[in-house]
Amino acid sequence: NFSGNSTELVVSDAMNMWIWRLSDFLLLQEFSVQSVGYTGVGFSIAVTNDGQYVAALGNGGNIWRVDDGSLVAHLPTSNAPGYSSGQPYIGAAFTPDESRLIGSPLFAGSLTMWGVPDGVQATPLYGGTAATQAIAYSPVGNIVAEGGQGWISLLDTSTGKVLNSIPAAPYQNTGVAAIAWSPDGNELAA
């Protein structure tokens with residue numbers, strides 16, 4: 001993932017997450033994401049537009065400050081109704097104004113939102129179909145794109161209304177593993 005201002009690159013594997021400054025390829029921070037818990041399904045990372053905070057979601061999650069590497073919030077697993085244990089998160093995105101982090105639990109059918117940096121849970125007005133695998137806010141923040149098993153939905157962030165739902169590919173069982181907006185918000189890649 002790139003920070004919104006494209007000055008940092010965040011890369012992860014099942015054990016660690018690294019933040020690189022692109023101008024000189026300097027390693028800024030390295031975080032262990034083992035506490036987030038690789039689930040076999042995976043986990044998701046996100047970075048704020050200004051590069052100030054980074055998050056990793058899996059079996060729960062963490063939000064860290066990039067400048068000093070401090071943990072600012074630990075987030076619990078999703079307690080989805082009808083499931084005996086917490087559900088892992090497989091999608092994550094910060095809102096464009098950097099005030100919230102949103103995560104998609106694997107099977108829950110609703111999105112979870114937290115304040116940044118405090119990690120206090122909030123209620124999103126939108127989203128949440130079962131198996132949302134990828135989330136991305138438009139650069140302006142008025143639309144959030146969700147991708148899942150064979151579909152992409154565009155949602156109005158102020159009302160929660162589905163603006164459009166489109167097939168992800170010509171094959172129904174194609175999952176959307178990642179989704180991103182162009183910087184001008186006119187195109188969406190999945």
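**Briefing: the β8-β9-β10-β11 sheet**

Four strands, in the order β8-β9-β10-β11, make up an open sheet with antiparallel pairing. Its edge strands are β8 and β11 (121-122), each of which pairs on one side only. Strands here are DSSP runs of E with at least two residues, helices are runs of H or I with at least four residues, and both are numbered from the N terminus. Two strands count as paired if DSSP finds at least two bridges between them. This is a predicted model, in which local features need pLDDT of at least 70 and side-chain atom pairs count only at pLDDT 80 or more, while totals for chains, interfaces and linings use all residues. Residues are numbered from 1 along each chain as its sequence is written, and side-chain values use heavy atoms, with hydrogens and water left out.

**Whole chain**

- The chain has 17 strands and zero helices.
- Of its 190 residues, 45% are buried (under 20% relative accessible area with a 1.4 Å probe, protein chains only; exposed is over 50%, and partly exposed lies in between).
- The accessible surface is about 9100 Å², and carbon and sulfur atoms account for 52% of that surface (Shrake-Rupley method, 1.4 Å probe; for residues, only the protein chains shown count as cover).
- Taking contacts (heavy atoms within 4.5 Å) between residues at least 6 apart in sequence, 39% join residues at least 24 apart.

**Strands β8 and β9**

- Strand β8 covers residues 89-94 and is joined to β9 by five bridges, the two running antiparallel.
- The two strands form a hairpin with five residues between them, and Glu-98 in the turn has a positive phi of about 65°.
- Strand β9 (residues 100-105) is mostly covered, with five of its six residues buried.

**Tyr-89**

- Tyr-89 lies in strand β8 and stands opposite Pro-105 in β9.
- The relative accessible area of Tyr-89 is 2%, so this residue counts as buried.
- Thr-77 is twelve residues from Tyr-89 in sequence, and their C-alpha atoms are 7.5 Å apart in space.

- Strand β10 (residues 112-115) runs antiparallel to β9, and four bridges join them.
- Leu-101 has Trp-114 in β10 as its bridge partner.
- On to β11, strand β10 is joined by two bridges, again in an antiparallel arrangement.
- Met-113 stands opposite Ala-122 in β11.
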